[in-house]
Amino acid sequence: MVAIMTETTRTVSPPTNRPVRQLLAASVGNAVEWYDWYAYTFLATYIAAEVFPKSADNSLVPLLSTFAVFAVGFFMRPVGGLLMGAIADRRGRRAALTVTILLMGGSSLLVGLTPTYETVGVLAPVVLVLARLLQGLSVGGEFAASTTFLVESAGPGRRGLFSSFQYVSTTAGQLVASGIATLLVDTLSDGQMNGWGWRLPFVLGAVLSLVGFWIRQGAQETRSAEQQHAPRPGLLEALRRHPRQSLLICGITAGGTIAYYTWTSYLPTYAELNAGIEKSDALLAGTISLAFFALLQPLGGLLSDRFGRRPLLLFFGLGFTLLTVPLLHALRDSFAVLLLVQCAGMVLLTGFTSISAAVNAEVFPPRVRAAGIGFPYSLTVAMFGGTAPYVGTLFKELGHSGLFPWYVAALCLGSSLVYLRLPETAHKPLDR
């Protein structure tokens, strides 16, 4: 017991005196990772038309297939979180970060080169599934390694602020993906978009991955010298020795991930299907609200460093529990209403996203921190976040689109109950 208390309370000074460089290394690479990941979502309708067979009975079938592949990619994320997290815990955070970004670049290129169903038949969706599996492996590992890297790079009283850059960079990647998709839709004809336009963002993502790889080569390792010389942890050690912490990560994440993927990824498609919003207007509203969301993140991180993590988590959880249904039911064929609904959700969502990296890192000891975070977090995201577009579209297909907001609200209520009992960790030292 004494040894455990010593391990969790010992304070070690940050491993670097160049925090800006550390933030740049984590943020630029993370932005590239998530640009590649989200480009798929924003271009889903075009991918559906070219890669999957058309149905004479129902035009939603190809789109459902595309979102099913989106969900399949998410189910590789727990594997990526476990494997890349183990690399980060054994070989170092920087080593894992360089592997993930190269893997993402290769898989993004594969999406861009996926043949059409008309050309090769069933091989087209097989290639797309393979590419998304590799992307899921990369993204799962990216979150585990970059979360740990960011929080361990922070100085005293700044873990929340550094944590917020996880979603600043994530949103930056998503914003670029959304902006490029909007630009292409507005400038190219439907025939050009269906023929070759939708492929361009994925090829660009492969090139940007090489830039991110180069930047990350200059980052400093955040794993302490003591941890580097300690015996290497087993692959499943975090789950075996810390089952309570693993379940806690799941409870913290469930509501946050369904709200996040609903508001930042699926809402443009949801508005198209349920409120008759034009595709270009939906993408433009998403782009503006994402820029607003990115600006909010450091503010949320700073507030958590001063007032604690739990108040912000409860602001998010209870806010979405009470307001998800009214906000989504308020959508109509109006750009202004859609933008207002998106921005309102972004304010609430900041209570979770700005500090989730810090909250997760503060749960596990450094020996198994990356793998400990990576597997339960990515598993929960796969179960509830990755399936959000598919579940929402399926509700629409079944004629019960009004049930989807209640589904989101119920998961946020469940996480809110976890937040109520969550110990406050903002002002406790982080063991490195």
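## Basis of the model

The structure is a predicted model, in which local features need pLDDT of at least 70, side-chain atom pairs count only at pLDDT 80 or more, and totals for chains, interfaces and linings use all residues. Residues are numbered from 1 along each chain as its sequence is written, and side-chain values use heavy atoms, with hydrogens and water left out.

## Overall fold

The chain contains 21 helices and zero strands; these elements are DSSP runs, numbered from the N terminus, with helices (H or I) of at least four residues and strands (E) of at least two. The radius of gyration is 21 Å, close to the 22 Å that the globule rule gives for 432 residues, so the chain is as compact as a globular protein of that length. This radius is taken over C-alpha atoms, and the globule rule is 2.2 Å times the number of residues to the power 0.38. Along its principal axes, the C-alpha trace spans about 70 × 45 × 35 Å.

Of the 432 residues, 58% are buried. A residue is termed buried under 20% relative accessible area, exposed over 50%, and partly exposed in between (1.4 Å probe, protein chains only). The accessible surface of the chain comes to about 16300 Å², and 69% of it belongs to carbon and sulfur atoms; such areas come from the Shrake-Rupley method with a 1.4 Å probe, and for residues only the protein chains shown count as cover. Among contacts between residues at least 6 apart in sequence, 88% join residues at least 24 apart, where contact means heavy atoms within 4.5 Å.

## Confidence

The mean pLDDT of the chain is 83, and 90% of its residues reach 70 or more; pLDDT is the predictor's confidence in each residue, from 0 to 100. Among the elements of the chain, helix 16 (residues 309–329) has the highest mean pLDDT, 95, while helix 1 (residues 2–9) has the lowest, 37. Over residues 1–15 the pLDDT is below 50, and beyond near neighbours in sequence this stretch has 22 contacts in the model. Where pLDDT is low, the predicted coordinates should not be read in detail.

## Salt bridges

The structure holds nine salt bridges, each defined as a side-chain nitrogen of Lys or Arg within 4 Å of a carboxyl oxygen of Asp or Glu. One of them joins Glu-142 to Arg-216, with the closest N and O atoms 2.6 Å apart. This pair links distant parts of the chain, since Glu-142 lies in helix 8 (residues 123–153) and Arg-216 in helix 11 (residues 200–216), 74 residues apart. Glu-142 is buried, at 0% relative accessibility, and Arg-216 is buried at 1%.

Glu-152 forms a salt bridge with Arg-369, the closest N and O atoms being 2.9 Å apart. Because Glu-152 lies in helix 8 and Arg-369 in helix 19 (residues 369–385), the pair ties together parts that are 217 residues apart in sequence. Both of these residues are buried. In another salt bridge, the closest N and O atoms of Arg-241 and Glu-237 are 3.3 Å apart. Arg-241 and Glu-237 are four residues apart in helix 13 (residues 237–241) and are therefore separated by about one helical turn. Arg-241 is exposed, at 55% relative accessibility, whereas Glu-237 is buried, at 6%. Salt bridges that share partners also join Asp-89, Arg-93, Glu-152 and Arg-369 into one network.

Phe-293 belongs to helix 15 (residues 279–307) and is buried, with a relative accessible area of 0%. Leaving aside neighbours within four places in sequence, Phe-293 is in contact with Thr-171, Tyr-260, Met-346, Leu-349, Thr-350 and Thr-353. Phe-293 and Ala-344 are 51 residues apart along the chain, and their C-alpha atoms are separated by 9.9 Å.

Thr-182 is part of helix 9 (residues 159–187) and is buried as well, with a relative accessible area of 9%. Not counting residues up to four places away in sequence, Thr-182 touches Leu-283, Leu-284 and Thr-287.

## A nonpolar surface patch

Val-79, Leu-83, Leu-235, Leu-236 and Leu-239 make a nonpolar surface patch of about 360 Å². Patches are made of residues with over 30% relative accessible area and no salt bridge; like charges are joined within 9 Å, and nonpolar side chains (Val, Leu, Ile, Met, Phe, Trp, Tyr) within 5 Å. Val-79 lies in helix 5 (residues 77–91) and counts as partly exposed, at 36% relative accessibility.
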